[in-house]
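Come along and look with me.

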Amino acid sequence: MDEIVDGLRRMGVEAILEGSRKKNMTALAKLTPIKIVEYLDKYIIGQDKAKRAVSIALRNRWRRQQVTKSMQDDIVPNNIILIGPTGVGKTEIARRLASLTSSPFIKVEASKFTEVGYVGRDVESMVRELMDFAFNQVRNEFTELMREHGQFFATEKVLDILLPKTYSLSDPDVETKEARYRRSRGKMRTKLLSGELNNNTIMVPMDDTVVPQIEVFSNIGMESLDFNIGEMLTNILPPKKEKSKEMTVEQALVYLTDVETNKLISRDKIIEEAKNRVENNGIIFIDEIDKIASLDKKSTSDVSKSGVQRDLLPIVEGSNVPTRYGMINTTHILFIAAGAFHVAKPSDLIPELQGRFPIRVELNSLTKEDFEKILVMPKNALIKQYMAMFKTEKVDLLFEDSAVSEIASFAAIANDKMEDIGARRLQTIINAVLDDLLFEMPDSKLKKVVINKDMVVCKVAKLIEDEDLSKYIL
C-alpha cells in the first residue's frame, strides 16, 4: 500500500497543482472590470470610483500573466490609496475583491509597525503573514481534493484491523486461504461501508513523536520567530514511540482519513503553489496609512513614522522577503492602502512611497439615501442578518419602509452631530431598536414582530436629542 500511496502522491498532487492553476486562470479570465463591479455592487453601496479603480487593477494582473515572460517582470501592479472616513467601504471593497478571486489576502494596520531597530512588528511581517495564509489556503484545498483517496486507504486500514491475515505466503494451501480471506474481507467491507460496524471498538495504532514542551520568552512579536520548532525537533529527536488507542470504527475512519490524506499531500508542492499565488495574486490591505504620514519632520514620533515609511518602501517597490517557506518576491503583490486623512494628506507621505501608489481614489461620506440602500439592498444587508437571527428563535421580523427610512435618517444625524463612523452607525441604532426583543427571546407568545417608524422614534429619538447621552450610547 505504501508504494500505491507514493505513486498517488507523485501523480495526484501534480495533477491537482496543474488543475488548480488552470482553474484559477480560467476564473480570472472571465472577471472583466464590468463583472467585478457588478459583484461588488451586491455588497457595497455607492463608491463607484473606488470599485472602478480596483476592478481595473485586478484585471491588469490577469493581463500581465498573458504577455510574454520577458515583459511580465516589467509590468508592475496599480497600487491604490483609498481616501475616506471610516465605515464607507474601504476594507469591504478589498476583502470582497480577494474573496472573488480566492487570492491570498491580509489586512494590516500601518500604525502597528515600528522602524527596524525598535521593539515591535517590522513591516516584513505582513509578507510572512500573507504567505502563512496562502499556505493554509492551498493545504485546505489540496486536502479536500485528496480526501476521497484518503477515505479509500482509511477503509483498507480499518479492514486490516478488523480482519487481520492469519496465514503466511509460505503456507502450503496459501491460495485457498487467500481466496477465503478475500471473500470474508469483501463481506466485511460491505458491512463497514453500510455503517453496521460503526459502534464496534478497535485498537488503532498511532505514531507519536515525543517532543518536549519548550517555552520561548521574548519581547519581540511571535511573527519574528519564523521557523517551525516542531519540525526542527522532529528531525533532531529520532525516537518514535508507537502506541494504540481504542476508538469506535466510526471514529477510526475519521482519524485515519485525515492521516492518509495528509500522506498523499506533498508539503513542497503546497509551498510551490502558495508561493506562486502570493507573488502573482497576493493582496495586502494596509489600513490607517495616514497614521504614519509625517506632519512635523523634527518631531521624534514623526521621525519614527518616516522610518516605517522607509521600511515599507522596498516591500511595495519589490524585494525579496525571507519566510519559513523560502524567499518571497513582492514585486507583483497588489497593495491597497487606506486612510481617513483627516489631519494628514497623502502628500505628507515620503515622495518615494507616494510614487508607489499611483492610483488615488476618494470615497464619499454616506448620505441618508445611501444608508437606506445599505439596510436592504446588499446580499448581507444588516436587516437581513437580524431577520435570520430572529428566525432561529422562531420569530418573523419585518421592517416597514418608514422604519428603514427613519433608521437611516437617525444614522445620518448621529454622524453629523458626532464622529462620522459611516455605515457602522446603523448597527448601533438597529441594536438600540431591537435591544428589548433580543433580550426577551425566546418567548412562546412572540411569533411576529413588525418594526414601524413610531417604534424607531421611541427608542432612538431621545438618544439623538441628548448630546451627552448620545456620545456614550451611539
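**Strand S1**

I began with strand S1 (residues 80-83), where Ile-80 and Leu-82 point one way, Ile-81 and Ile-83 point the other way, and all are buried. Buried means under 20% relative accessible area, exposed over 50%, and partly exposed in between (1.4 Å probe, protein chains only). Strands here are DSSP runs of E with at least two residues, and helices are runs of H or I with at least four, numbered from the N terminus.

I noted that this is a predicted model, where local features need pLDDT of at least 70, side-chain atom pairs count only at pLDDT 80 or more, and totals for chains, interfaces and linings use all residues. Residues are numbered from 1 along each chain as its sequence is written, and side-chain values use heavy atoms, with hydrogens and water left out.

Next I looked up the partners of S1. Two strands pair if DSSP finds at least two bridges between them. S1 runs parallel to strand S8 (residues 334-339), joined by four bridges, and Ile-83 has Gly-339 as its bridge partner there. S1 also pairs in the parallel sense with strand S9 (residues 359-362), again over four bridges; in S9, Ile-83 is partnered by Glu-362.

Thr-323 has Gly-326 as its bridge partner in S7.

**Helix H7**

Last, I found Lys-187 in helix H7 (residues 174-194). Lys-187 is exposed, with a relative accessible area of 62%.
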